[in-house]
Amino acid sequence: MGYDMGFRHWIYKKTGLKLRKNVDYSVRKKTTISELATVWSQVVIDDESTVDDHSYIISGLVKNTKIGKYCSIATNVTIGADRHPTDWLSTHHFQYNDTDNFKPLKITTIGNDVWIGANVVIMTGVNIGDGAIIGASAVVTKDVPPYAIVVGIPAKMIRYRFDPDIINKLLELKWWDIEHYELIKNNINFSNVEKAIEQIEMLKNKVA
Ligand SMILES: CC(C)(COP(=O)(O)OP(=O)(O)OC[C@H]1O[C@@H](n2cnc3c(N)ncnc32)[C@H](O)[C@@H]1OP(=O)(O)O)[C@@H](O)C(=O)NCCC(=O)NCCS
């Protein structure tokens with residue numbers, strides 16, 4: 001199952017947003033991908049990986065990875081790049097399998113609202129915090145804190161997206177648990193993060 005025409009039309013009527021059609025249903029059968037996520041057909045994704053609401057991946061390889069909500073993942077991205085033994089007879093996987101004493105894969109996690117640029121490689125077992133940005137062509141070998149921007153090989157932080165008090169408020173707010181049409185309908189001021197936080201706090205109090 002994926003977006004059916006009724007759902008697409010309903011979202012379009014509510015928000016004016018057009019949802020993409022290029023959903024790879026054959027991949028969805030095997031993998032836990034939200035009905036509201038978009039994984040394009042140029043993505044190879046294994047059975048263990050999950051992709052949550054409103055995240056999209058354009059092309060690349062995803063292995064043993066949990067991906068949160070509202071993530072934007074560009075072209076030719078490798079997430080959960082597995083290890084090969086460097087000091088065995090060969091680096092080739094014919095020598096081992098999952099039950100042997102070499103584990104090629106750990107769990108990799110991508111938070112919510114993460115933007116991953118083109119040609120990025122994220123090593124297996126790395127955790128990317130909510131709101132982080134991974135610059136184009138970075139190779140990420142270590143965990144990335146929430147709302148950090150990292151670039152380069154190996155990836156290093158250049159700055160945070162916001163001041164610490166704003167980051168703490170965003171992490172507490174968890175705005176990504178709200179559907180985007182609710183945010184749009186309530187005229188959230190997306191370009192002013194302080195105002196947006198206030199508005200979403202009020203919205204959550206109204207619903208609670
Ligand atoms: C990481 C990124 C978001 C940073 O944007 P920014 O905050 O506007 O940063 P700036 O352009 O001001 O650059 C800041 C510094 O980081 C460097 N830098 C920026 N992006 C870099 C990258 N991808 N790799 C290496 N260095 C990078 C700049 O050269 C600059 O260095 P300097 O301070 O020595 O001059 C952006 O450069 C990027 O890589 N975006 C991804 C684009 C992409 O892949 N889009 C795909 C379609 S979704």
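This is a predicted model: local features need pLDDT of at least 70, side-chain atom pairs count only at pLDDT 80 or more; totals for chains, interfaces and linings use all residues.
Residues are numbered from 1 along each chain as its sequence is written, and side-chain values use heavy atoms, with hydrogens and water left out.

**View 1. The whole protein chain.** Welcome to the overview: the protein chain has five helices and 15 strands. Helices (H or I, at least four residues) and strands (E, at least two) are DSSP runs, numbered from the N terminus. Of its 208 residues, 45% count as buried, where buried means under 20% relative accessible area, exposed over 50%, and partly exposed in between (1.4 Å probe, protein chains only). The protein chain exposes about 11,700 Å², and carbon and sulfur atoms supply 55% of it. Accessible areas come from the Shrake-Rupley method with a 1.4 Å probe; for residues, only the protein chains shown count as cover. Among contacts with a separation of 6 or more, 29% join residues 24 or more positions apart; contact means heavy atoms within 4.5 Å.

View 2. With 14% relative accessibility, Asn 112 counts as buried. A polar atom of the Asn 112 side chain lies 2.7 Å from the backbone nitrogen of Lys 69. A polar contact is a pair of N or O atoms within 3.5 Å; within protein, one must be able to donate a hydrogen and the other to accept it, and residues adjacent in sequence count only if both atoms are side-chain atoms. Leaving aside residues up to four places away in sequence, Asn 112 touches Gly 68, Lys 69, Cys 71, Asp 130, Gly 131 and Trp 176.

**View 3. Strand E7 and its partners.** Four of the five residues of strand E7 (residues 77-81) are buried. E7 pairs in the parallel sense with strand E4 (residues 56-62) over three bridges, and Leu 61 stands opposite Thr 78 in E7. E7 also pairs in the parallel sense with strand E10 (residues 121-123) over three bridges; there, Ile 122 is the bridge partner of Ile 79. Two strands pair if DSSP finds at least two bridges between them.

**View 4. An open sheet of five strands.** The strand order is E1-E3-E5-E8-E11, with parallel pairing. Strand E1 (32-33) and strand E11 (127-128) stand at the edges with a single partner strand each, so one side of each has no neighbour in the sheet. E1 meets strand E3 (residues 50-51) over two bridges in the parallel sense, and Thr 50 in E3 is the bridge partner of Thr 32.

View 5. Around the ligand are, among others, Ala 74, Trp 115, Ile 133, Ile 149, Val 151 and Ile 158; a residue is near a molecule or strand if one of its heavy atoms lies within 4 Å of it. By class, the shell has eight nonpolar, two polar and one charged residues. Here Ala, Val, Leu, Ile, Met, Phe, Trp, Tyr, Cys and Pro count as nonpolar, Asp, Glu, Lys and Arg as charged, and the others, Gly among them, as polar. Strand E14 (148-151) and strand E15 (156-160) each supply at least two shell residues.

View 6. A ligand oxygen atom is 2.8 Å from a polar backbone atom of Ala 118, and a ligand oxygen atom is 2.9 Å from a polar backbone atom of Ala 136. For the side chain of Arg 159, an N or O atom is 2.5 Å from a ligand oxygen atom. The protein covers 42% of the 920 Å² of accessible area that the ligand has on its own.
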